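This report covers the salt bridges of one protein model. The sequence and structure come before the discussion.

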Amino acid sequence: LDEIHDAIRISAAQGADLVASRIGEQTAFLETLSQDKAILAYVKAGATLSEADLRHLKSETERMGYQVLGIAGPDGQALRSDGVKLSVADREFFTVAKDGKSNISDVLIDKVTGEPISIYAAPIAENGTIYGVIYGVRDARELGDMLTGITFGDTGYAYIINKEGTLTAHPTNFDLVAKFDNTTAGRNAFL
């Protein structure tokens, strides 16, 4: 029995490392892109992005498989690569990145499309000063897709829960994740 528990622990640790690596690839991309001169000027001085800058942002969006990229100033007012302007000041991914930590959100409902999404975010900083946040929107199902190859025996599988114990990714049943309202009101109604 101890051997089985040890094997499960090892497999779980390897699966967690794999998912962390894939998430790290996305946040590293955003950290690199955050150093783009046009992006820094946009958040530091309120400069406008030229059409060429927006085309570059759109091409990076497509190259890395994001639905959209966004740049938010310190007040949370964001410009997305699709031209949409919105506030992300109330989103946890923004406040965490604004505090200097790259992160991935829980599953959220997109303010523009109404679809379940995950957001990867990184601070936009220069010389230790944080000027804003760059973020990328991805289909929330991708987290579950990362789990499909992580199995335990014939019927066991991996899933992801957040620090509150909320299911955020499932390899075969996205409806379990999508139907959960991950807002304070939704969590209270669920309990």
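In which helix do E60 and R63 lie, and how many residues apart are they? Both belong to helix α3 (residues 51–63), where they are three residues apart, about one turn of the helix. The model is predicted. The side chains of E60 and R63 form a salt bridge, with an N to O distance of 2.8 Å. E60 is buried, at a relative accessible area of 11%, whereas R63 is exposed at 55% relative accessibility.

The model has five salt bridges in total.

| Salt bridge | N to O distance |
|---|---|
| E126 and K44 | 2.3 Å |
| E60 and R63 | 2.8 Å |
| R80 and D82 | 2.8 Å |

The E126 and K44 salt bridge has its closest N and O atoms 2.3 Å apart. E126 is in strand β6 (residues 116–126) and K44 is in helix α2 (residues 37–45), so this pair ties together parts that are 82 residues apart in sequence. E126 is partly exposed, at 25% relative accessibility. K44 also counts as partly exposed, with a value of 41%.

R80 and D82 meet through their side chains at 2.8 Å, N to O. R80 is buried, at 5% relative accessibility, while D82 is partly exposed at 40%. Salt bridges link R80, D82 and D110 in a network.

Technical notes:
Residues numbered from 1 in each chain as written. Predicted model: local features only at pLDDT ≥ 70, side-chain atom pairs only at ≥ 80, totals over all residues. Heavy atoms only, no water. Salt bridge = Lys/Arg side-chain N within 4 Å of Asp/Glu carboxyl O. Helix = DSSP H or I, 4+ residues; strand = E, 2+ residues; numbered from the N terminus. Buried < 20%, exposed > 50% of the residue type's maximum accessible area, 1.4 Å probe, protein only.
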